[in-house]
Amino acid sequence: MEYSEPIPTPTISSSPSLSPNSSISSNSPRSPPLSPPPVVISPCAACKILRRRCADKCVLAPYFPPTEPAKFAIAHRVFGASNIIKFLQELPECQRSDAVSSMVYEAGARIRDPVYGCAGAVFQLQKQVNELQAQLAKAQAQVVNMQFQQANVLALLCMDMDKDKAPSSPPPNSPQSAVDDTFITNSSYLSFMEDINNDTNLGSLWEPLWT
């Protein structure tokens with residue numbers, strides 16, 4: 001007689017029913033939310049030349065963009081970075097842009113002319129202004145002179161036109177006046193002779209009355 005061992009049956013533990021909306025495991029770690037990609041901000045031209053980290057509130061960043069490195073290089077060569085920063089911090093923000101433009105212009109003039117700098121440029125401009133004013137005054141004097149000459153020419157033309165319209169009378173000593181006097185004398189003589197002849201004829205008619 002053979003002996004057979006009983007076969008163990010697997011035991012199934014009762015587990016709560018899983019709904020479609022329930023999570024598979026309550027202890028599973030949650031995935032972190034996706035962060036936006038980091039924005040790479042290029043340092044300003046000042047920090048790039050100075051080889052330092054450009055902070056978020058960098059005083060030089062709004063006035064020296066990374067696309068204009070020569071602008072800061074010129075100002076830094078003459079004034080220095082520390083003096084530029086100190087000068088900008090002492091000014092209100094509404095005046096900083098004009099101050100930076102003035103510093104860059106003055107630094108460029110100092111590099112071009114180390115002796116006179118910006119004063120030399122101002123002197124040259126003032127000299128040009130004086131020369132242009134002298135040329136303007138000369139041109140205005142020429143215009144006034146031409147207007148005066150034009151007025152004289154118009155006056156002469158008007159006088160000539162008035163003489164042409166008026167009846168012309170020759171002067172007393174002119175040949176035309178002598179001719180006219182001779183004509184008047186001859187006419188008077190002829191009329192006088194006619195009067196004499198008429199008187200003679202009348203005398204001949206009245207002769208029988210006196211005889």
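Buried residues, meaning those under 20% relative accessible area with a 1.4 Å probe and protein chains only, make up 13% of the 211 residues in this protein. The model is a predicted one, in which local features need pLDDT of at least 70 and side-chain atom pairs count only at pLDDT 80 or more, while totals for chains, interfaces and linings use all residues. Residues are numbered from 1 along each chain as its sequence is written, and side-chain values use heavy atoms, with hydrogens and water left out.

Let us stay with the whole chain for a moment. Its accessible surface, computed by the Shrake-Rupley method with a 1.4 Å probe, comes to about 18,700 Å², and 60% of that belongs to carbon and sulfur atoms. Contact here means heavy atoms within 4.5 Å. Of the contacts with a separation of 6 or more, 43% are accounted for by residues 24 or more positions apart.

As for secondary structure, you will find seven helices and zero strands, so the elements read α-α-α-α-α-α-α from the N terminus on, where helices (H or I, at least four residues) and strands (E, at least two) are DSSP runs numbered from the N terminus.

Now follow the chain into the loop between α1 (45-50) and α2 (69-78), where Arg51 sits. Most residues other than glycine have a negative phi. Arg51 is not a glycine, yet has a positive phi of about 60 degrees. This arginine is exposed (over 50% relative accessible area), at a value of 80%.

Next comes the packing of α2 on α4. Their axes, which are lines fitted to C-alpha atoms over the stretch in contact, lie 8 Å apart at an angle of about 70 degrees, where angles run from 0 to 180 degrees between N-to-C directions. α2 and α4 are therefore roughly perpendicular to each other, a label given to angles of 65 to 115 degrees. Lys71, Ile74, Ala75, Arg77 and Val78 of α2 meet Val100, Val104, Ala107, Gly108, Arg110 and Ile111 of α4. By class, these residues divide into seven nonpolar, one polar and three charged; Ala, Val, Leu, Ile, Met, Phe, Trp, Tyr, Cys and Pro count as nonpolar, Asp, Glu, Lys and Arg as charged, and the others, Gly among them, as polar.

Helix α4 (residues 93-112) also packs with α3 (residues 81-89), at an angle of about 150 degrees and with the axes 10 Å apart. That makes α3 roughly antiparallel to α4, the term for angles over 145 degrees. From α3, the contact is made by Ile84, Phe87, Leu88 and Gln89, and from α4 by Arg96, Ala99, Val100 and Met103. The contact of α3 with α4 has six nonpolar, one polar and one charged residues.

Finally, look at Ala109, another residue of α4. Ala109 is buried, with a relative accessible area of 2%. Leaving aside residues up to four places away in sequence, Ala109 touches Gly117 and Cys118. The C-alpha atoms of Ala109 and Gly120, 11 residues apart along the chain, are separated by 8.3 Å.

Note on methods: Parallel < 35°, antiparallel > 145°, perpendicular 65-115°, else oblique.
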